[in-house]
Structures are given as C-alpha cells and as structure tokens.
Amino acid sequence: MKTNRLWSWFWVLIGVLYFLVPLIATFEFSLRAKKGVLSFLAYQRVFEDPQFYKTFLFSLEMGALTILVSILLVVPTAYWIRLRLPQMRSVVEFITMMPFVIPAIVLVFGLIRVFSGPPFFLTNTYIGTDALLIAGYTVLALPYMYRSVDNGLASIDVRSLTEAAQSLGAGWGTILLQVIIPNLRAAVLSGAFLTLATVIGEFTIASFLVGVNAFGPYMSLIGQNKTYESSSLAIISFLLTWAFMGLIQLLNRGGQQALSGAR
Amino acid sequence: MSSNTLPKKNEIKRGAQGVRPAPGNWKNWIGVIPFLLFTFLFIVLPSLSLFVGAFQDAQGNFTFKNLADLFSADIIGAYWVSIRISLATAVGGGLLGFLMAYAITVGGLPRWVRTALTTFSGVAANFAGVPLAFAFIATLGRTGLVTVIFKTLFGLDLYDKGFSLYSFLGLSLTYMYFQFPLMVLTITPALDGLKKEWREASENLGATSFQYWRMVAMPILLPSLLATIILLFGNAFGAYATALSLTGGFLNLVTIVIGSQIKGDILHNVGLGYALALGMVIIMAISMVIYYFLRRRSERWLRT
C-alpha cells in the first residue's frame, strides 16, 4: 500500500510539473522585457496598446452575442423536446455533436464557400461578416451549451412547471422567460462562461472572417514580432481561462466537467 | 413523463403515424423549426457545399479527380503527419492522464489533491490555441526557460542534440498540455464507477492486485479508455491554431494545408481543397462512430 501511494504521488507530481513549468516559464519570460532586470514592462506595453482593447472588446462583444444566440436557440429547443417531442431527442443530440465531427477549419471553409457568394453575400459587409462569425461560434458552442441546458432541464420538473404556469394563464414567452430560464440559471451560465472562454481567444474562424479585428488573430500577430508581449498575453489569457473555469466550478459544484472542442 | 395528460397526445400520435397525421400534430414541430433551420444553414449547408465541391471540377462538372488527387504523395504525407501526431498525443496523453486519474481516485491520495487536480485539468484542457503556443515557446523554444536550464545546469544543449519545438516532437509535447487533462476529466468518473465490492470479491477469491486489474478492472474500463483516446485523437486531429502559431505552418498538417488553401489557391486546385476537408470529416466521423459505440458499451457497467 505504501509503494502504491508513492506511485500515486509520483504521477500527480509529473502532471503538476507538466502543468506548471510552462506557466512559470512563460511568466518569467514575460518579465524580461527590460534588459537585466525583471519588470512588468511587457504588460505595460500590452495595456498601452489601443489595439489590445479594441480587439478584446470586439471578441467580448462577439462572445456575448454568441451566448445570446445560443440561449435563444438552445433553451426553447431543449425545452420543447422534453415537453412535446421526446422522439426527436436523439436526432437533436446527434446534430449538436456535429462540431466534433466538423473541425473549426473545415466549418469556416464551408461557411465561406456558402455565404460569401450568391445569394447571401454575407462577407461583403461588416455586419454580415460579424453575423457569420457569431453563427460559426454558435455552432462551436452547441455541444456544451446543449448538454449543459439539457442537464439543467433534467433536474427540474418541466411538465409540472409548464402546466402550473399555463393554468395561471401564462403564454409560451412568459413560461420560457419567467419560469424555465430562471430555473436553469446555473446551467445557462456555466454554458455561457465556457462559450466565452472559447470564443475570446478563438483563432481559427476569426482569422479567416475578421482577421486582426479579433483578439485571437491579434495575439497571433503580436507573437510574430514581439516576444515578451506575447508571453504576457499568454499569461493574461491563461488568467482569463482560469477565471471562467473557476466561475463554472462555483456554479455546478460536483457537476459534470465542462469541455470544449478542438482548437 | 407517464402520469400527466400531455404524453397521451404523443401516444395517440405515435399510434396514428403512417395512417394520417393527427390533428394538431404539426404544431409540435414548430418549437424545433428555428433550431433545425439554423443547423441546416450553418452546419448542413456548409458541409454539403464542401461535399459537392469535392466532386466537381473547375467548370462544375462531376468528377472523381479531386478524390483521386488526395492520393498524391504530398497530401498523403499531410494526412499521415496529422494522424501520427494525433495518435501519439492521444495515446501518450491518455496514458499520463489515466495514471493521474488512477492516482486521484483509487490511489489513496487525500481528497484535496483530487479537487486541485481536476480544477487544474479543467483549465488546462481549455487552454489551447495561440496562447498555448506562446507558453511553449517561452518554455522549450531556443531561449525558453527549460532549454536554458538544461544548458546552464547540465551543459546540455537540447537544440544541438536535435530537439526542436517546431518539429513533430515539439508539437506533440505542446498538444499533450491539453490532451492529458482531457483524459483526467473524462476517465475519472469511469474509475469512480469501479465498485469496491468487485475488488473485495476478487481478493476474497485469492486474486493478486495484478490479477484484479487484468481480469476485472481493465475489461470494464477498456471501452471507456479506448473511447476517451479516440476523443483525444479527434481533439488533436482538428487542431489548427496551436499548430499554426507554433510552427508557422512549417509542419505539413492537414488543417494547415486546408488553412493555406482558404487563404489562397496554393494547391492550384480548389476542388482538391474541398476533397481534403471531406477526407478530414470522414476520418472524424469514423472515429466518432467508434467512440459512440465504445461509450455505450462502457455505460453498461458504469450505470448504477
């Protein structure tokens, strides 16, 4: 038993090292912008760059809109399927798993091919391009948004709540907005944070649709010519990921783990 | 589901299906129309468009030439590198992740280690793309911390010894950063599902620890282990941002080739680009089908 436990500690240690060493290295690297001394110069430069805020806010905005579209799309659908169309459940679940089969790079390839030409011409205007980006992100978010909401619905009695609301004279809009969504708060929020964590630094789809306007491509651009700044950006986005995951953990303690697809 | 008035509607409808649509039946479908419309527009249509494109020549006529072109040395090479790197990191990450998951579940470690490690894993599994590449450049790049430590402490120049972060090995090490945490997260519940009674029963029957693992635990765990490894495979196979920002497109992965095809017609053949994408989707689809069946098999045991 004693050797068994040592063995366990050994593997945990390996994992922790694998996890921490790159972070320590990146942090140390990010402090070396000024020759000979450790300083936060690289961070200062990043925070002084107007492009940093512009791209970050743009991606944040895209993330917020993606969350909005995802909720509008997923909550009523998952609710309706539990209530009226249980036979469609496996079909819809299958559709929501499609992003695991279609990698982001293939998805954006297809989106451009379909929507940049007739009859849509979405990529000819800024609004159209942003809309296409949000649509792409919504697709990427589908698997975990759907799973999160569906798990949330499983834990409440959808049918009784609906009937109770209906007998009090509520319409569908009222039921969804004032009865179902409030009960799904934790599920929707954890799906939302995971979406945000994925979307903010997303590179693949953003780089082909909006280029350096988005945060992911901006980071990539910085990486090409500014070494220390790129390390500080890595630390910043790591802290962001950490914050989002922490919020999710708080929301569903002991619940299922949140995972996104390949990037 | 069974006690209320609403399910009856479904029962009636199901019974009447194929005879004539029950009155009010179509109303049930209204609720899913937005979802179906959205997924048709942004999942089905793009996929279909690539699929059709893969079978068309420049003039739009039907052809098998694009698919045939996939079997040129360059393209096969790109698929081969992608498959190898995905396999290597799936198996490597899977093994490391499994050993860690083992340590925190049945390994007899204090509870806080488990909480800390799963939290770490949740973050690391989602820390991919551009910043991950930056982190590894700062770690194992030419002037990275670990490279420098090896040089000053052990007098060992990794890059003289033939190591490079911008190679197969380097990219694999980078992918492992999000691969093994994913394994930890997905296999921990499976390890939790191993019942204490099974171990006690096998010990009572005189089995050694090795025999217990070989004959009881492993056969039960194997489907979920394989399923997760396939999941990791797909995770690495579709990765684009990490590889591009690390190697600058130097390593010839399928995703990188598709990426440069979107930017400009580097293959000098648009149809070939579509065929490449189609090939990726087929490989991903096959692995997902295997994943699905393995998952179902593993659930048989792990349901309580």
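How many residues of chain A are in contact with chain B, and how many of chain B with chain A? The points below start there.

1. The model is predicted, so local features are reported only at pLDDT of at least 70 and side-chain atom pairs only at pLDDT 80 or more, while totals for chains, interfaces and linings use all residues. Residues are numbered from 1 along each chain as its sequence is written, and chains are lettered from A and ligands numbered from 1 in the order in which they are written.

2. In the interface, 70 residues of chain A are in contact with 70 residues of chain B (contact: C-beta atoms, placed from the backbone, within 7 Å). Helix α1 of chain A, residues 2–30, supplies the largest share of chain A's side, with 15 residues. That side holds 46 nonpolar, 18 polar and six charged residues. Here Ala, Val, Leu, Ile, Met, Phe, Trp, Tyr, Cys and Pro count as nonpolar, Asp, Glu, Lys and Arg as charged, and the others, Gly among them, as polar.

3. Chain A has 13 helices and zero strands (DSSP runs numbered from the N terminus: helices are H or I with at least four residues, strands E with at least two). Its C-alpha trace spans about 75 × 65 × 35 Å along the principal axes.

4. Axes are lines fitted to C-alpha atoms, for helices over the stretch in contact, and angles run from 0 to 180 degrees between N-to-C directions.

5. Within chain A, helix α8 (residues 158–167) and helix α9 (residues 172–183) pack at about 120°, with axes 10 Å apart. They are therefore oblique to each other. The residues in contact are A:Leu161, A:Thr162 and A:Ala165 of α8(A) with A:Thr174, A:Ile175 and A:Val179 of α9(A). Four of these are nonpolar, two polar and none charged.

6. Helix α7 of chain A (residues 126–154) has a kink of about 55° at A:Leu142, shortly before the proline A:Pro143 (the bend is the angle between axes fitted to the seven residues ending there and the seven starting there).

Note on methods: Contact = placed C-beta atoms within 7 Å. Parallel < 35°, antiparallel > 145°, perpendicular 65-115°, else oblique.
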